[in-house]
Amino acid sequence: MSVAFGWGPVEARALARTAACVVVVDVLSFTTAVGVAVEGGSAVHPYRWRDATAAGYAREHDAVLAVGRSETTPDHPWSLSPAALRAAPAPARLVLPSPNGSALAAGAASGGAAVVAASLRNRTAVARLLVRHGYGSAARPLAVIASGERWPDGSLRPALEDHLGAGAVLDALRALAPGLHPTPEATAAATLWAATDDPAAALHGCDSGRELYEYGFPEDVAVAAEIDGSTTVPVLVDGAFTEAP
């Protein structure tokens, strides 16, 4: 069975109708932040909007609500920043609003597929889990979805960091399970990763990386560039990402 690659929440919903597992990739910064938080012991509830409803959702789940990067305080240090989450005390439950990664996770879960959060930090660990559970077979088809960013009109803006992140997972997957048959799109993503001489430099230099530098958060790019720095694989169970057993 083919292993598919796609972009954004619309394609996530479409592919989730036939996929047994959807791998969500939002390198800067949702899935990197999810990985850091789960690594620290938190259950992470993705939420699509950072508005008044997010606070109510957090209260319903007895969870800490992550705020915008620039809104953190010493008493409330939790945000979408992976570096800030690493430095902060780990809450038992964290609501992490994100219009890109959270929407992607929700779209993937709507079809009943298992949902895994992948980044450059855990790309090999994710591939190993997928192979171990037999995803990518005829009975358990697999899709890897890059989140991308948004243009001002709300349309999808493909993002290099997510193309690389998805390609990194697909490249590790084809090395571990050479019998898999990626679609041409998946092959192209894996080839992009394999052909990138310095992925960390690409991450720092891409549009999203430069934006984080301009906003004063270069450390978030540094954390996201820790290739294979984690063995934690967050899996969405009952609305929250927790570490795969």
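## The model and its largest pocket

The structure is a predicted model, and the values below were computed from its atoms. The largest pocket has a volume of about 500 Å³, and its lining is made up of 19 residues. Those that lie nearest the centre of the pocket are R69, L80, E149, L212 and Y215.

Helix α10, which runs over residues 207-215, provides the largest share of this lining, with 4 residues. Sorted by class, the lining of the largest pocket holds 7 nonpolar residues, 6 polar residues and 6 charged residues.

S29 is found in the loop that joins β2 (21-25) to α2 (30-39). The residue counts as buried because its relative accessible area is 3%, and buried means under 20%. Leaving aside residues up to four places away in sequence, S29 touches R69, L80, P82 and L212. Of these contacts, R69, L80 and L212 were named above among the residues nearest the centre of the largest pocket.

Most peptide bonds are trans.

## Helix α8 and its buried side

Helix α8 covers residues 184-195, and its 12 residues should span 16 Å at 1.5 Å a residue; the C-alpha atoms at its ends are 16 Å apart, which agrees with that expectation. The buried residues of α8 are A186, A189, A190 and W193. They cover an arc of only 95 degrees around the axis, so they are on the same side of α8. An α-helix has 3.6 residues a turn, so residues three or four places apart point the same way.

On the other side of α8, P184 and A195 are exposed. The elements that cover the buried residues of α8 include the strands β1 (2-7) and β10 (181-182), together with the helices α6 (123-132), α7 (160-176) and α9 (199-205).

Rolling a probe the size of a water molecule over the atoms shows where empty space is left. When the whole structure is searched, 1 cavity of 30 Å³ or more is found, and the largest cavity has a volume of about 60 Å³.

The residues that line the largest cavity are V3, L170, L173, R174, L180, P182, A186, T187 and A190. Helices α7 and α8 each supply at least two residues of this lining, and two of the lining residues, A186 and A190, also belong to the buried residues of α8. By class, the lining of the largest cavity divides into 7 nonpolar residues, 1 polar residue and 1 charged residue.

## Two aspartates with positive phi

Most residues other than glycine have a negative phi. D62, however, has a phi near 50 degrees, which is a positive value. This residue is placed in the loop between α3 (52-60) and β4 (64-65), and D62 is exposed because its relative accessible area is 61%, where exposed means over 50%.

D238 likewise has a positive phi, near 55 degrees, and lies in the loop between β11 (234-237) and β12 (240-243). With a relative accessible area of 79%, D238 is exposed as well.

Technical notes:
Residues are numbered from 1 along each chain as its sequence is written. This is a predicted model: local features need pLDDT of at least 70, side-chain atom pairs count only at pLDDT 80 or more; totals for chains, interfaces and linings use all residues. Side-chain values use heavy atoms; hydrogens and water are left out. On a 1 Å grid over the protein atoms alone, a cavity is a set of points where a 1.4 Å probe fits but cannot get out, and a pocket is an open set with protein on both sides within 12 Å along at least five of seven lines; lining residues have an atom within 4 Å of a point. Grid points are joined across faces, edges and corners, and a volume is the space filled by probe spheres set on the points. Ala, Val, Leu, Ile, Met, Phe, Trp, Tyr, Cys and Pro count as nonpolar, Asp, Glu, Lys and Arg as charged, and the others, Gly among them, as polar. Buried means under 20% relative accessible area, exposed over 50%, partly exposed in between (1.4 Å probe, protein chains only). Contact means heavy atoms within 4.5 Å. The expected span of a helix is 1.5 Å times one less than its number of residues. The arc is that of the directions from the helix axis to the C-beta atoms.
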